[in-house]
Structures are given as C-alpha cells and as structure tokens.
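I opened my notebook to look up a few things in this structure. Entries follow in the order I made them.

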Amino acid sequence: MTQTQPDDVRLRPLTIGEIFDRSLTLFVRNLPPFLIVAAFVAVPSGFLQYALVAGHGSFMQQIASESKGNLPAVFGFGPAFWFGAFGVLLVQPFMYVAMASLVGRIYRGETRDWRAAYMVALRHAGGILVTVLCAIGIYVGSGIAFGIVAVIVSIPFAVASPAASAILIFLLMIPYIFLLLVAFLAIALAFNAIGIDELGFGRAIGQGFASVFSRGQFKKAVLIVLAFIAVEIGLGAVGIGIQAFTASVPVLEAALSAALSLFSTGFFGVLIAVYYFDVRVRREGLDLQAALDAIQPPARQ
C-alpha cells in the first residue's frame with residue numbers, strides 16, 4: 001500500500017453501513033472505468049433482453065400468457081440466442097475479477113485502468129474457469145445432499161400427513177438456501193482473491209471460504225447476505241416497474257433494464273471488493289501491515 005492512500009480507501013475495520021458507504025463513494029468517484037468493466041456483461045445482456053422482449057413480449061406479458069396455460073415462449077429461441085446467453089454467463093466471472101482488480105488498483109493508489117484490470121482476468125483465465133467449475137460442483141453437490149436429507153427427514157411424516165411433510169421440507173429449505181447464498185459470497189471473495197492478490201484458484205477458493213465460514217467472520221457474512229437480499233429486492237421492484245411502464249416499447253424497456261443492470265453490476269462488484277479488504281483487515285491485520293510498510297525506511301542502494 002502507498003503512503004499517499006486517500007482517506008476514502010484507508011484500511012481500517014468497517015461496519016456494514018460503512019462498507020456500503022465506501023462502496024458507493026468509490027463507485028461514484030470512479031464511475032467511468034467501473035461502468036466500462038461492467039459493460040462487458042451488461043450491454044450483451046441488454047441485447048439479449050431486447051431479443052426476448054421483441055420476440056415474445058415483456059416479462060409481464062409472458063406471465064399473463066403462462067397464466068392462460070401457454071408454455072413460456074423463451075423455449076422457442078434458436079441456437080444463436082442460447083449461444084449468446086452462454087457467452088454472457090462465461091464472461092461474467094471475468095468481469096467480476098476485473099472489477100476486483102480495479103478496486104485493488106484504487107486501494108493501492110495506482111491508475112484506474114480498466115484495461116490493466118481485464119489483463120489480470122485474462123492472465124488467470126484458467127484459474128477463473130476452474131473456480132467456476134468448483135462452484136458448480138459445490139452447488140450441485142449441496143443440492144443433491146439437501147434432497148437426500150429432505151427425503152429422509154420427511155418420510156416419517158409423508159404417510160401420516162403430506163401437508164406436514166411439505167411444511168417440513170419448506171422449513172429445511174430456508175436455512176439451505178441461506179447457506180447457499182453465503183457459499184455464493186465465498187465464491188465471490190475467491191474471485192476477488194484472484195483479481196486483487198492474483199492467487200491461484202486453490203488458494204483463492206480456500207481464502208474465500210475461510211473469509212466467510214471462519215470464527216468471527218460468519219456473523220458479518222450473514223449480515224452482508226441479508227443486506228444484499230434487501231438491495232436485490234429493491235432493484236427487482238425497480239425492474240418490474242420498468243417492465244410495467246415500458247411494456248409497449250421493447251427498445252425502451254431493454255435500454256432501461258440494461259442501464260439498471262450496468263449500474264447495479266458495477267456497484268455490487270465494488271461492494272464485494274470493499275468487503276474483501278475489510279475481511280483481510282480483520283483476519284490478517286492488513287491495515288497494520290500497510291502502516292508498517294508506509295513508515296519503513298527505503299532500502300539502501
């Protein structure tokens with residue numbers, strides 16, 4: 001870390017509110033490079049949404065169609081649409097790694113260069129893809145394990161009371177989904193470890209899960225997830241409002257939805273990176289190390 005580190009990125013333990021405040025401040029003050037990084041996902045997503053809306057109507061119209069017993073029209077798309085959707089999903093983890101790298105450059109007092117940030121992602125392309133595969137394995141494996149546990153636990157109730165069995169499965173699903181969201185946060189931190197510290201995928205995944213499930217960190221991770229859920233609900237309400245008021249103008253609906261996605265994607269990328277630094281401050285004393293580095297005398301020539 002540099003001695004000229006500005007106050008808005010000074011390393012110190014942050015509360016949940018301070019994490020959001022710092023993230024918003026960094027995002028607004030460095031808006032152009034963050035939006036450029038996010039655009040690699042948000043813009044293609046906007047074109048895909050336009051294709052969806054123009055071909056089969058808005059989301060609200062599709063719900064009305066399904067309520068009449070029709071199948072979702074999205075299944076009628078050709079290979080080009082699905083290839084594009086797969087491409088967007090493939091680029092997304094690279095975008096988040098680049099976003100984390102850009103935040104790391106800001107913390108280190110370096111230039112806000114989005115090209116350099118994406119170069120970090122490209123250098124670690126193999127590790128990013130392996131991390132994605134590991135995440136898929138974790139989600140699929142945990143889903144299978146949950147299904148087995150749910151069946152075993154609900155069997156005694158199934159015969160006597162099917163309703164009680166269904167309620168039990170629902171109650172079991174709530175903590176499972178929440179733990180899945182915490183695991184998703186751990187994977188996001190692993191991408192940050194790749195982007196900011198350029199760790200290999202094995203160390204990055206280990207650090208991501210240790211940052212969330214270690215003693216003293218899990219409670220804050222839970223609060224972060226709850227805050228994310230609240231923000232996502234708010235953004236979802238805004239998105240539904242956009243679709244409701246622009247249903248008759250597909251271009252406008254796609255454009256406004258893409259703009260919302262652009263800003264929300266950028267902000268969430270910054271938010272995760274700021275949280276990553278906060279975890280390192282609390283677990284590793286990164287702020288103390290940075291202070292020592294700042295006052296260390298220069299090496300003799």
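**Salt bridges.** I began with the term: a salt bridge is a side-chain nitrogen of Lys or Arg within 4 Å of a carboxyl oxygen of Asp or Glu. Side chains of opposite charge can pair when their charged atoms come close. I noted that this is a predicted model, where local features need pLDDT of at least 70 and side-chain atom pairs count only at pLDDT 80 or more, while totals for chains, interfaces and linings use all residues. Residues are numbered from 1 along each chain as its sequence is written, and side-chain values use heavy atoms, with hydrogens and water left out.

How many salt bridges does a search of the whole structure find? It finds 7.

I looked up Arg 12 first. Its side chain meets that of Glu 18 in a salt bridge, at 3.5 Å from N to O. Next I checked accessibility (buried means under 20% relative accessible area, exposed over 50%, partly exposed in between, with a 1.4 Å probe and protein chains only). Arg 12 is partly exposed at 38%. Glu 18 is partly exposed too, at 30%.

Then I turned to Arg 108 and Glu 110. Their side chains form a salt bridge at 3.3 Å, N to O. Glu 110 has a relative accessible area of 31%, so it counts as partly exposed. Arg 108, at 24%, is also partly exposed. I found that Arg 105 joins Arg 108 and Glu 110 in a network of salt bridges.

Glu 198 is partly exposed at 35%.

**Helices.** I needed the rule here: helices (H or I, at least four residues) and strands (E, at least two) are DSSP runs, numbered from the N terminus. The protein has 11 helices and 0 strands.

Just after α10, Gly 285 has a positive phi of about 65 degrees.

**Asp 278.** This residue is in helix α10. Is Asp 278 buried or exposed? It is buried, with a relative accessible area of 1%. Its side chain makes a polar contact with that of Lys 220 at 2.7 Å. A polar contact is a pair of N or O atoms within 3.5 Å; within protein, one must be able to donate a hydrogen and the other to accept it, and residues adjacent in sequence count only if both atoms are side-chain atoms.

I also listed contacts (heavy atoms within 4.5 Å). Leaving aside neighbours within four places in sequence, Asp 278 touches Arg 12, Pro 13, Leu 14, Ile 19 and Lys 220.

**Whole protein.** Last, I took the totals. Buried residues make up 40% of the 301 residues. Among contacts between residues at least 6 apart in sequence, 74% join residues at least 24 apart.
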